[in-house]
Amino acid sequence: VVDNRTNLMWQDDADANTIKRTWSDAITYCEDLTLATHSDWRLPNKNELKSIVDRSKVNPAMSEVFQNRVISTYWSSTTYAGDSTTAWYVSFSSGDDRINAKTNTHYVRCVR
């Protein structure tokens, strides 16, 4: 999915919703991803991930242009400034962002 407002291309395949990963595994997964003939994928930062939140919707609070959507949480690449062992994630049930230990698991939606 290409967001014409930000010029970002988002992963929208079943893999985005099948496996929860730790933060470091999420970064590695995106860096290793080859999808739609592109191999320059990365884990989005918090602001990029929040750019696909649709606050007019809940459960999921995500644009309907995405075919593969789940009501769950997705990692961002943004480490929390107050504690380097935690990072930001976005909940697509509500669109809120929160922090969690990097050893916990969330879904991953890569961007390029």
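A residue counts as buried when its relative accessible area is under 20%, as exposed when that area is over 50%, and as partly exposed in between, with a 1.4 Å probe and protein chains only. This is a predicted model, in which local features need pLDDT of at least 70 and side-chain atom pairs count only at pLDDT 80 or more, while totals for chains, interfaces and linings use all residues. Residues are numbered from 1 along each chain as its sequence is written, and side-chain values use heavy atoms, with hydrogens and water left out.

Helices (H or I, at least four residues) and strands (E, at least two) are DSSP runs, numbered from the N terminus. Two strands are taken as paired if DSSP finds at least two bridges between them. Strands of a sheet pair through backbone hydrogen bonds, either parallel or antiparallel.

Three strands form an open sheet in the order β3-β4-β5, and their pairing is antiparallel. Since β3 (73–79) and β5 (97–101) are at the edges with a single partner strand each, one side of each has no neighbour in the sheet. Direction ignored, neighbouring strands of this sheet are turned by 40 degrees against each other on average; the axes are lines fitted to C-alpha atoms, for helices over the stretch in contact, and angles run from 0 to 180 degrees between N-to-C directions.

A hairpin of six residues leads from β3 to β4, and four bridges join these antiparallel strands. In this pairing, tyrosine 74 has valine 90 of β4 as its bridge partner. On the β5 side, β4 (residues 86–91) pairs in the antiparallel sense over five bridges, and tyrosine 89 stands opposite arginine 98 in β5.

Helix α1 (residues 23–32) packs on the sheet, touching β3 and β4, and its direction makes about 90 degrees with that of β3. Contact here means heavy atoms within 4.5 Å. Which residues of α1 are buried? They are Trp23, Ala26, Tyr29 and Cys30. These residues lie on the same side of α1 because they cover an arc of only 115 degrees around the axis, the arc being that of the directions from the helix axis to the C-beta atoms. Their cover includes β3 and β4. Glu31 and Asp32, on the other side of α1, are exposed.

A nonpolar core is a set of buried Ala, Val, Leu, Ile, Met, Phe, Trp, Tyr and Cys residues joined through side-chain atoms within 4.5 Å. The largest has 13 residues, and Trp10, Leu49, Ile52, Met62, Tyr74 and Phe92 have the most contacts inside it. A second, separate core of 12 residues includes Trp23, Tyr29, Cys30 and Val108.
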